[in-house]
Amino acid sequence: MPLPKAELHLHIEGTLEPGLAFALAARNGVELPFKDAEELRHAYHFEDLQSFLDLYYRLMAVLHTEDDFAELADAYLARAAAQGVRHAEIFFDPQAHTSRGVPLATVVEGLGRALDTSEERHGVSTRLIMCFLRDESAASAMETLLAAKPYLHRIAGVGLDSAEAGHPPAKFREVYEVAAELGLRRVAHAGEEGPPAYISEALDVLGVERVDHGLRCMEDPELVERLVRDRVPLTLCPLSNVRLRAVRTLEEHPLPAMMDAGLMCTVNSDDPSYFGGYAGDNFDAVQRALGVGEERLRELARNSFLASFLEDDEERRAL
Ligand code: ES4
Ligand code: ZN
């Protein structure tokens, strides 16, 4: 039995497996620059975040209809459940779809349909987190936030993702202010490829409750002290960090040092189709490569529920 856990850092578009990508490409008449799923799988070698993002945006263009988004999310939930995930807080990138003519309603209603039956079909509770692409303008993010107003009953929070370097959190100050006024929870990617200062800025300027990745906090001891003191959860993604070369090898991943320092760490899969594994695979990987023992694995799983947006009574049930 895999350890029950919550997944807090998961891009639904990053769960698109090659087989489904080709099936949807055929269904929707989309041309892919690969012969078949096998050839596509061999293209999964990345130099850095940007080289991954190029393929990620290219492939998600097979997603067109509500059914496509529902099928994508349902396939993820089934896989996640099989690896012990009991609760999933799922990112999606509205601008990556609206910019190619897919209405926000299609995306949210399609994902929402799969999420609505997730507890009964898969035993997984869910939340949806709408992410803004930080390499697009703040005006585009604001427009996206305001366009989402009719769907806020389906959306728990906002996040910030895509190419980090050169796009500091403060660029989205007003967007996050409005999100807070709308009652949305706030998270942001920071310190994946960007500097530790972006982590502080996400906390100070955007008011985030969790930091996605946050890996590079280890370069700044004062920042580590603050994150420990305030128990700021970090959603780490070890297999992603190896594939995108944020760390050289899994054996050199700072997760054990981060736990030693007293940071509130969680382990997640990020873009599991691209990075070689789902949530349980990431847990297995840190156990195997880093020698993280049973007790710490249980702590990571417990942290995942504590850092989630579950209400207290739901959380107690999960723990
Ligand atoms: C992402 Cl690994 C990662 N980093 C930033 N943005 C992303 N979007 C999807 N995966
Ligand atoms: Zn991510």
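Hi everyone, and thanks for coming. Before the structure, some housekeeping. Because the model is predicted, local features need pLDDT of at least 70 and side-chain atom pairs count only at pLDDT 80 or more, while totals for chains, interfaces and linings use all residues. Residues are numbered from 1 along each chain as its sequence is written, and chains are lettered from A and ligands numbered from 1 in the order in which they are written.

Let's start with the sheet. It is open, has eight strands in the order β1-β2-β3-β4-β5-β6-β7-β8, and the pairing is parallel. The edges are β1 (5-11) and β8 (264-267), each of which pairs on one side only. On average, neighbouring strands are turned by 25 degrees against each other, direction ignored. On terms: strands here are DSSP runs of E with at least two residues, helices are runs of H or I with at least four, and both are numbered from the N terminus. Two strands pair if DSSP finds at least two bridges between them. For the angles, axes are lines fitted to C-alpha atoms, for helices over the stretch in contact, and values run from 0 to 180 degrees between N-to-C directions.

Now let's walk across. β1 and β2 run parallel and are joined by five bridges, with Leu10 partnered by Ile90 in β2. Next, six bridges link β2 to β3 (residues 125-133), again in the parallel sense, and here Ala88 has Thr126 as its bridge partner in β3. From β3 to β4 there are five bridges, also parallel, and Ile129 pairs with Gly157 of β4. Further along, β6 (residues 210-213) and β7 (residues 233-236) run parallel with two bridges between them, and Asp212 stands opposite Thr235 in β7.

How many residues of strand β2 are buried? In β2 (residues 85-92), eight of eight are. By buried I mean that 20 or more other C-beta atoms lie within 10 Å of the residue's own; exposed is 12 or fewer, partly exposed is in between, and C-beta atoms are placed from the backbone. Strand β4 (residues 157-161) is mostly covered too, with five of its five residues buried. In a regular strand the side chains alternate between the two faces of the sheet. In β4, Gly157, Gly159 and Asp161 point one way, Val158 and Leu160 point the other way, and all are buried.

On to the cores. A nonpolar core is a set of buried Ala, Val, Leu, Ile, Met, Phe, Trp, Tyr and Cys residues joined through C-beta atoms within 7 Å. The largest has 84 residues, and Ile12, Ala73, Phe92, Leu111 and Ala202 touch the most other members. Setting aside residues up to four places away in sequence, the contacts of Ile12 include Leu72, Tyr76, Ile90 and Phe91; contact means C-beta atoms, placed from the backbone, within 7 Å. A second, separate core has five residues, among them Leu8, Phe305, Ala307 and Leu310.

A few single residues now. Val211 sits in β6 and is buried because 26 other C-beta atoms lie within 10 Å. Val211 and His9 are 202 residues apart in sequence, yet 9.8 Å apart in space, C-alpha to C-alpha. By contrast, Glu174 in helix α9 (residues 173-181) is partly exposed, since 13 other C-beta atoms lie within 10 Å. Leaving aside neighbours within four places in sequence, Glu174 is in contact with Ala138 and Met142.

Most residues other than glycine have a negative phi, and most peptide bonds are trans. Ser162 is in the loop between β4 and α9. His213, in strand β6, also has a positive phi of about 75 degrees.

Finally, ligand 1. The residues around it include His11, Tyr56, Asp161, Ser162, His189, Asp270 and Asp271; a residue counts as near if its C-beta atom, placed from the backbone, lies within 6 Å. By class, this shell has two nonpolar, five polar and four charged residues. For those classes, Ala, Val, Leu, Ile, Met, Phe, Trp, Tyr, Cys and Pro are nonpolar, Asp, Glu, Lys and Arg are charged, and the others, Gly among them, are polar.

That's my tour, and I'm happy to take questions.

Notes:
Contact = placed C-beta atoms within 7 Å.
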